[in-house]
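Subject: Structure handover

Hello,

Please find the structure below, with notes on what was found in it. Could you look through them before we talk?

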Amino acid sequence: MNHKVKKSLFGLGRTFLLVFFLLLVILPIYWMCITSFKPHKEIINAQEITYFPKEFSMGNYVELFKLYDYRRMLFNSFIVSAGTGLCVTLLSIFGGYGLARYKFKGKDTMLLFFLVTQMIPGILVIIPLYVIFSRIGLVNTRLGLFIYYMITNLPYCVITMRSFFERIPYTLEEAAYVDGCSKMTGLVRIVLPVMFPGIVAVFVFAFIGAWNELIAGTIFINTADLWTVPVGLKSLIGKYDVKWGVLMAGGFCALLPTAIMFAFMQKYVVEGLTAGAVKE
Amino acid sequence: MGILALYLIGIAALCGAGVFYISRHFRRQNSSVMSHIQRRKREPYLFLFPTLLLLVLMFAYPLINSSIMAFQYYKLTAPDKVYFNGLDNFRKLFADSDVWLIIRNSLLYVVASVAGQFVLGLTLALTLKKPFPLKGLYHAIVFLPWAFSAFVIGLIQRWSFNGEYGVINNLLMKLNMISEKVAWLGTPGLSLFVVIIAMIWMGVPFFAIMILAAMQSIPADVYEASYIDGCGPLRRFFRITFPYIQPTIIVTVLLRTIWIFNSFDLIVVITNGGPANYSQTLPSYMYTKAFSGYDFGLASSLGVMLMAVLVVYVTLFLRVTQYNKAGDF
């Protein structure tokens, strides 16, 4: 009897916690979503705060796309993030393979270097990089931003890729080489197909890392037609007047691509996050 | 669209060049005179060359540059008037009476955020351990904040804690916990608290993912044995689960500590350091100094001090996790 009561109490507590965490995630998103569909008058009515819009309005979204050229921001963000994602994935396949399959002089130093890059605050690099970029004309270009995102995402992705390679037995490749397969063909035909989860995870890391970044964007980009989504939206926060409806609409649209990506690739992403971190 | 085309061609060219140069190496090996061993020695460097080149040019070199700038009078607004000024920047830094407030803020921000993320992350991982219906969907939703941008999270937070129209004030008043509206973002002490809440919210999934993975690698027979021996759940947690996941927890906590310390986009979005530096941390202060006054010399001197602290931290990190020996994150 006592045991049964205990067990059902445990179950109840667990259900409670599950609901708690679910609400913790959903409520802020709900609030953002609902605010974005309220007309401006309803948003800034301090007397009565509505938990569901009295009047559904697409006005904020119309304003966002018509007045602030949100499409342009999405486009810029997409170009920079996709470029970062592709290049980082490619380079980390090579780098990860090199680190996983060989023993060589300087390997430990290299790994340490990669680890240290993860620990240095971005702003420490951004300041001198700004000086360098302004000398070679990379300030206020998407290329400059792309380069910065490359260097910030590469080390982590190389390390992650390495752990994925280490899980694949070398004998798999070796068999192919014995059969007369060249190194490159072996890598492309045999190893990469098995590596699919790792490749997806690394691409998602780099893409999301670039898509979500704000600080470097505000520093490196200063003309409106090159703004990425976070930079463009930040410009809507004025000193006295903040267009909350439009901001929430923009924020909601900015979350959608990463949320969808994460929802579909969740398995691989989780695998990737833990691949680098948990010793087997 | 012309620029876009050029840009895409540029990226493609970069990637193409990388593939070409690596593949050339391997194509050559069939007809090469080099011995197999010599070739194999060169291969890892070839594989890592592009990554290293980029990191050295765009990461290491700027860092060295910035440590030189720390000892210079360097204002971006007067690029012709750059000269060495010894320790002037450091003196100016400590003459600022806010520095101690900012150091205190940084500590509070890091400790509170890490503690909150750890406690909630561990709780979430423990609740997710046993299967339940719709587990996949639940995971996808609960882990979502990992993929969210700090910027948007900051926006939601700032809007929810808005003093006049914010939903938090409204809720608290309905629950009779406060009698009048609180100016969350305008009150010293409270504004940093709002940032910390957002930071915790953002980091719980990462902690949960890590701990969950570690728990899944615990062999099942250990648990079976404990059931047979009549071990209670609390004891099971402290005697089996916790010791097994301890290494993961240590690595995750140490890495998170440094990431949280470094990240300040939430601060920029939610409070912008205000009111009067009461929610400023060291990196965000550095950002403000560098890009409001364009005093790069002063900002770099702050950076050099951060680096000194980081060196100590990294050394400790390596000792504790034995990263060198394990060779893994």
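**Chain A**

Of the 280 residues in chain A, 45% are buried, where buried means 20 or more other C-beta atoms within 10 Å of the residue's own, exposed means 12 or fewer, and partly exposed lies in between, with C-beta atoms placed from the backbone. This is a predicted model, in which local features need pLDDT of at least 70 and side-chain atom pairs count only at pLDDT 80 or more, while totals for chains, interfaces and linings use all residues. Residues are numbered from 1 along each chain as its sequence is written, and chains are lettered from A and ligands numbered from 1 in the order in which they are written.

Chain A has 13 helices and zero strands; helices (H or I, at least four residues) and strands (E, at least two) are DSSP runs, numbered from the N terminus. The radius of gyration of chain A is 24 Å, whereas a compact globule of 280 residues would have one near 19 Å. That radius is taken over C-alpha atoms, and the globule rule is 2.2 Å times the number of residues to the power 0.38. The C-alpha trace of chain A spans about 75 × 75 × 35 Å along its principal axes. Among contacts in chain A between residues at least 6 apart in sequence, 77% join residues at least 24 apart; a contact means that the C-beta atoms of two residues, placed from the backbone, lie within 7 Å.

A:Met110 sits in helix α5 (residues 107-119) of chain A. A:Met110 counts as buried because 22 other C-beta atoms lie within 10 Å. Its C-alpha atom is 9.2 Å from that of A:Leu99, 11 residues away along the chain.

**Chain B**

Chain B contains 14 helices and two strands, and 36% of its 329 residues count as buried. For contacts in chain B between residues at least 6 apart in sequence, the share joining residues at least 24 apart is 71%.

The largest nonpolar core has 150 residues, and B:Val195, B:Ala198 and B:Leu266 have the most contacts inside it. Such a core is a set of buried Ala, Val, Leu, Ile, Met, Phe, Trp, Tyr and Cys residues joined through C-beta atoms within 7 Å. Helix α8 (residues 190-216) of chain B gives the most to this core, 19 residues. Beyond neighbours within four places in sequence, B:Ala198 is in contact with B:Ile153, B:Gly154, B:Gln157, B:Leu266 and B:Ile270.

B:Leu134 is in the loop between α4 (99-127) and α5 (135-142) of chain B, and is exposed because it has 9 C-beta neighbours inside 10 Å. B:Ala276 is in the loop between α11 (265-270) and α12 (282-292) of chain B, and is exposed because it has 11 such neighbours inside 10 Å.

**Interface and confidence**

The contact between the chains takes 81 residues from chain B and 82 residues from chain A. Helix α2 (residues 36-69) of chain B gives the most to the side of chain B that touches chain A, with 16 residues.

The predictor gives the complex an ipTM of 0.88 and a pTM of 0.88. Chain B averages a pLDDT of 84, and 87% of the residues score at least 70; pLDDT is the predictor's confidence in each residue, from 0 to 100. In chain B, confidence is highest in α4(B), at a mean of 94, and lowest in helix α14 (residues 323-326), at 51. The pLDDT is below 50 over residues 325-329 of chain B, a stretch with eight contacts in the model beyond near neighbours in sequence. Where pLDDT is low, the predicted coordinates should not be read in detail.

Regards
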